[in-house]
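Me: I have a model open and would like to go through it. Can you take me through the fold, the core and the charged pairs?

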Amino acid sequence: MNSNTVSDVSAKLMNHAHRLILTLSGNRLLAKPFGMALVELHTTGRKSGLPRSCYLTSPVHDSARVVLVASKGGDDRNPDWYRNLQATPDCEVVIDGQRRQMRARTATAEEKAELWPKIVAAYRGYADYQRRTTRDIPVVICEPR
């Protein structure tokens, strides 16, 4: 198994474990990872066309938008959920128990420059992830459709 495969399988197992712990705890345990809002993102698979979902954190959100960071832990590849959103930007976000129909887009360079200090203030790990990769980590802005 190559390191990409191990990384991808590990990420999927972590997501399944997170879902299981949330379910078994009645959404009490792991509901605010690193102090950030937990987001359940629902996308459409870019290859399969099937529904996909994963848990992410949102370092910045309000009634007008939910900001996601496509860090993949500093991996040199974009996460699958980001690639799915590039193919089909319409998505559903569940945050604080509320389902929201959203449209995702990659932040412009100017928007990212404005958001990045807030993102890193919410979780310093994002700065470490950016240092770990040569890839410019995309910031995704989800807005109501």
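**Fold, core and charged pairs**

Reply: Of the 145 residues in the protein, 41% are buried (under 20% relative accessible area; exposed is over 50%, partly exposed in between, with a 1.4 Å probe and protein chains only). This is a predicted model, in which local features need pLDDT of at least 70 and side-chain atom pairs count only at pLDDT 80 or more, while totals for chains, interfaces and linings use all residues. Residues are numbered from 1 along each chain as its sequence is written, and side-chain values use heavy atoms, with hydrogens and water left out.

Me: How many helices and strands are there?

Reply: There are 4 helices and 7 strands, taken as DSSP runs numbered from the N terminus (helices H or I, at least four residues; strands E, at least two). From the N terminus the order is α-β-β-β-β-α-β-β-α-α-β.

Me: Which strands does β7 pair with, β4 and β6, and in what sense?

Reply: Strand β7 (residues 139-144) runs antiparallel to β4 (residues 66-69), with 4 bridges between them. Strand β6 (residues 98-106) also pairs with β7 in the antiparallel sense, over 5 bridges. Pairing here requires that DSSP finds at least two bridges between two strands.

Me: What stands opposite what?

Reply: Leu68 is opposite Val140 of β7, and Ala104 has Cys142 of β7 as its bridge partner.

Me: Which residues have the most contacts inside the largest nonpolar core?

Reply: Leu41, Leu68, Trp81, Val93 and Cys142, in a core of 18 residues. A nonpolar core is a set of buried Ala, Val, Leu, Ile, Met, Phe, Trp, Tyr and Cys residues joined through side-chain atoms within 4.5 Å. Two or more residues come from each of β1 (37-44), β2 (51-58), β4, α2 (80-87), β5, β6 and β7. Another core lies apart from it, with 16 residues, among them Val67, Ala107, Ile137 and Ile141.

Me: What does Leu41 touch?

Reply: Leaving out residues up to four places away in sequence, its contacts include Leu68, Trp81, Leu85 and Val93, and also Arg52 and Glu92. Contact means heavy atoms within 4.5 Å.

Me: And α2, which residues are buried there?

Reply: Trp81, Tyr82, Asn84 and Leu85. They are on the same side of α2, because they cover an arc of only 160° around the axis, the arc being that of the directions from the helix axis to the C-beta atoms. The cover over these buried residues includes β1, β2, β4, β5, β6 and β7.

Me: Changing topic, how many salt bridges are there in the whole structure?

Reply: A search finds 11, each a side-chain nitrogen of Lys or Arg within 4 Å of a carboxyl oxygen of Asp or Glu.

Me: Which side chain does Asp90 meet at 2.6 Å?

Reply: That of Arg103, N to O. Asp90 is in strand β5 (residues 90-95) and Arg103 in strand β6, 13 residues apart. Asp90 also forms a salt bridge with Arg145, at 3.9 Å. That pair spans 55 residues, with Arg145 in the segment after β7.

Me: Is Asp90 buried or partly exposed?

Reply: Asp90 counts as partly exposed because its relative accessibility is 26%. Arg103, at 43%, is also partly exposed.

Me: What about Glu111?

Reply: Glu111 has a salt bridge to Arg105, with the closest N and O atoms 2.8 Å apart. Glu111 is partly exposed at 23%, and Arg105 is partly exposed at 30%. Elsewhere, salt bridges with shared partners join Arg46, Asp80 and Arg83 into one network.
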